[in-house]
Amino acid sequence: MIIYTDGACSQNGKANNKGGYGVVVCDDNGKLIDAYGHWETNTTNNIQELKAVLYAMIQYGNDPRFTPIVYTDSSYVHQTFTSWVYRWANNNWLKSDKKEPENLEIIQTYYYLIRKGYKIDLRKVAGHSGINGNELADKIATGKIDPVNLIKGVDINE
């Protein structure tokens, strides 16, 4: 299983903004098997990027038969979930500057799921580089397409 995630936020950092995330799930042959999007106000791009990967973990990371490959185009999310989270957990949830990480609740949820046996293979992919699954996740995150209207079985490799 291959999963592409993306987050977005219009007017990031300003009051009354709108953000969302998109998740695109494909089988190993590139056939679309699921898509999901969520939108909210008063958020940030980083929160939406984190939530997209967390959604993938919750929905698909607890099957002992396989480990889904999850792609993010966010360096922040990739570093947070593959490296920093473990240091922060070992340091009583503090960064090296003794400050609490931003978005800690989401990060801790991810960490505790791993401790419970959930797993994903999180990989970094270049954003806006023509990778179909990533582009589709971006369109869902930005609200340009509605995941409910996607036709099951679409080959995203075409």
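This is a predicted model: local features need pLDDT of at least 70, side-chain atom pairs count only at pLDDT 80 or more; totals for chains, interfaces and linings use all residues.
Visitor: How do S1 and S4 run, parallel or antiparallel?

Guide: Parallel. Ile3 stands opposite Val70 in S4.

Visitor: Switching to helix pairs. At what angle do H1 and H2 pack?

Guide: About 55°, with the axes 9 Å apart. H1 spans residues 45-60.

Visitor: What do you call that angle?

Guide: Oblique. The range from 65 to 115 degrees would be roughly perpendicular and anything under 35 roughly parallel, so H1 is oblique to H2.

Visitor: Left-handed or right-handed crossing?

Guide: The crossing of H1 and H2 is right-handed.

Visitor: Which residues make the contact?

Guide: From H1, Asn46, Glu49, Leu50 and Val53. From H2, Tyr76, Val77, Thr80 and Phe81.

Visitor: How do they divide into nonpolar, polar and charged?

Guide: The contact of H1 with H2 has 5 nonpolar, 2 polar and 1 charged.

Visitor: New topic, H4. How many of its residues are buried?

Guide: 7 of its 10 residues, so "buried" here means under 20% relative accessible area. That leaves helix H4, residues 132-141, mostly covered.

Visitor: Which ones are buried?

Guide: In H4 they are Gly133, Asn134, Leu136, Ala137, Asp138, Ile140 and Ala141.

Visitor: What covers them?

Guide: The cover for the buried residues of H4 includes S1, S3 and strand S2, residues 18-26.

Visitor: What happens just after H4?

Guide: Gly143 takes a positive phi there, about 80°.

Visitor: Which residues other than glycine have a positive phi?

Guide: Asn92 and Asn103 are among them. Asn92 has a phi of about 60°, and phi of Asn103 is near 65°.

Visitor: Where do they lie?

Guide: Asn92 is in the loop between H2 and H3. Asn103 lies in the loop between H2 and H3 too.

Visitor: Is Asn92 buried or exposed, then?

Guide: Asn92 is exposed, with a relative accessible area of 63%.

Visitor: And Asn103, buried or exposed?

Guide: Asn103 is buried, with a relative accessible area of 19%. The cut-off for buried is under 20%.

Visitor: What about Leu94, where is that?

Guide: Leu94 lies in the loop between H2 and helix H3, residues 104-115. At 28% relative accessibility, Leu94 counts as partly exposed.

Visitor: Which residues does Leu94 touch?

Guide: Trp88, Lys99, Glu100 and Pro101, not counting residues up to four places away in sequence.

Visitor: How far apart are Leu94 and Leu104 in space?

Guide: 9.7 Å, C-alpha to C-alpha. In sequence, Leu94 and Leu104 are 10 residues apart.

Notes. Residues are numbered from 1 along each chain as its sequence is written. Side-chain values use heavy atoms; hydrogens and water are left out. Two strands pair if DSSP finds at least two bridges between them. Helices (H or I, at least four residues) and strands (E, at least two) are DSSP runs, numbered from the N terminus. Buried means under 20% relative accessible area, exposed over 50%, partly exposed in between (1.4 Å probe, protein chains only). Contact means heavy atoms within 4.5 Å. Axes are lines fitted to C-alpha atoms, for helices over the stretch in contact, and angles run from 0 to 180 degrees between N-to-C directions. Angles under 35 degrees count as roughly parallel, over 145 as roughly antiparallel, 65 to 115 as roughly perpendicular and the rest as oblique. A crossing is left-handed if the near helix is turned anticlockwise from the far one by less than a right angle, and right-handed if clockwise. Ala, Val, Leu, Ile, Met, Phe, Trp, Tyr, Cys and Pro count as nonpolar, Asp, Glu, Lys and Arg as charged, and the others, Gly among them, as polar.
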